[in-house]
Amino acid sequence: MTTPSASPARPGTRLAWRPLQRSTRVAIIGALAATVFYQLFLLNPAYRGPGWLWVTMLAAEGLTALHLVGTWWTILAHDDRSEPVNATVWRNRLLAGGEVPSIDVFITAYGEEPALVRRTVVAARDMNLAHGTFLLDDGDSDELRRIADEAGVGYLRRAGGAHAKAGNVNAGLARTDGEFVVIFDADHVPEPNFLISILPHFQDPDVAFVQSPQSYTNNVNLVATGSGEAQRIFYELVCPGKNHFNAAFCVGTNVMFRRAALDSIGGIWTGSNSEDIWTSIELHKRGWKSIYVPQVLARGLAPQDVPSYLKQQLRWAGGGFEVLLRGRLFKRGSGLTIDQRLQYLFCGTHYLLSMAMLTFMLFPALYLLFALSPIRADGVVWAVHYLPFQATVLLVTWLQSGGFKLSAIVASIGAAPVHLRALGGVLLGRPAKWKVTNAGGDGTRSLWAVMPLVALLVLNVTAIVVGVLVMADPAPTWLSVGWAAMIVLILGRMILESVTGGRIRHHAAPPTASSPSDQPPAGAQPRPVAAAA
């Protein structure tokens, strides 16, 4: 692959990554050794517990190890190359007033708050370089039509709403003709330099799309901070490695497409609710390239309440499982390279980790209530093998990402039952219906949304009480009690977040986006647009 991951930062734009540290490489090597050490311990027949429980643990730990090794391999492939000279030359020509190819900017909307949409519309309109801006309204909102008219941008509305967001974008493609197409979700506000930072990467005619990170600004409570932190780690650690393998995929927003590439596959993919990753797969199958630019060029809003967050996770997990189970990634003649197949495979195994997580949350209760353990070993032997593995896993993430927040762990564990539900839906051919995530959240309070977590919490609290009362072997009992107590604390925090509607706020106030004027700035040269109903 000749196209790079790294590119020079533009004024006013922060990088979403830092070069892979030497310490991280050393930590990954140590983590691989610790993983092998722990797996050999689990496979040792001398420590095997009841057969069915031992096999269950092997499956959970094996899946975890497989995904971790794949993730570390991806991180080690971190692409630090500078952008091609041709891209820099083209950018300099554009900055000097050179000819700009036709660009259509789409903002997809369906029921979002008008003020939120207005902020994105005006910011997109005011981006540097001539372009046309279109508000694609799938919600038939006269208020959004008024916002578009006042901002002087195009307004496109369609009937029926077929294929949700993918259908909305395809309808916009059918009514515009720009050589390049940019897509923003309604809550992602672009920087003025988005186009000038992204467009030059299309100097390679084989590049189908260029993706930039998602970055959230509303870190006001556990859900918003946890989901934002998880995304930050993904975009900082994983995406630069995927770029090395020409396997960076579209995430649905903050992306620019070459229209000819989309035309070659009939537009945005409509056969799945996860239209973004499936569109990427189809393009890669046909030999198109993708580029990940690790610059934060747009800022959006994370869900701020648990129901909104779980709704988002249900859709994302369903898409990952569809790719895993129905993507035919290893079909001969698919057009994908081995590296690309593996990278798409890891998208699905990421959500399968929730199955392993749920399994691990049952083990302490099984021991405390029924004296069942998958491993027959005293606490010291187990700790000697397990703790180095767990410590090095955390160390790798900590070193490269500059630390991480516990809220990301809480949010991830809290979403595990929803991921299981998504897997069931895909296996039964009943994937979740597409719904817009309530960006920013509306403070919905719900106990029902976290009932599986309540059941797990009650199970582990009961196990702690029973285990302490009937303690037969103190060492493994206290180890299991500590494990169960940690689970209770994590689940309890997520449940509390849900029943309070995310109203337990962090001390820091969320950054507020600027409120740009509805009038185009002096000297702006927008590409002419025509409003259409």
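**Notebook: the mixed sheet and its helices**

I looked up Ile 103 and found its bridge partner in S4 to be Phe 180. The model is predicted: local features need pLDDT of at least 70, side-chain atom pairs count only at pLDDT 80 or more, and totals for chains, interfaces and linings use all residues. Residues are numbered from 1 along each chain as its sequence is written, and side-chain values use heavy atoms, with hydrogens and water left out.

I then followed the pairing of strand S1 (residues 103–109) with strand S4 (residues 180–185), which is parallel over 6 bridges. I took strands as DSSP runs of E, at least two residues, and helices as runs of H or I, at least four, numbered from the N terminus; two strands pair if DSSP finds at least two bridges between them.

I traced the whole sheet next: it is open and mixed, with 7 strands in the order S3-S2-S1-S4-S7-S6-S8. Strand S3 (154–157) and strand S8 (289–292) are the edges, each pairing on one side only.

I turned to the helices. Helix H4 (residues 114–125) packs on the sheet and touches S1, strand S2 (132–137) and S4, contact being heavy atoms within 4.5 Å. The direction of H4 makes about 160° with that of S2; axes are lines fitted to C-alpha atoms, for helices over the stretch in contact, and angles run from 0 to 180 degrees between N-to-C directions. Helix H10 (residues 275–285) lies across strand S6 (207–211), strand S7 (255–258) and S8, at about 145° to S6.

In S8, Tyr 292 stands opposite Gln 211.
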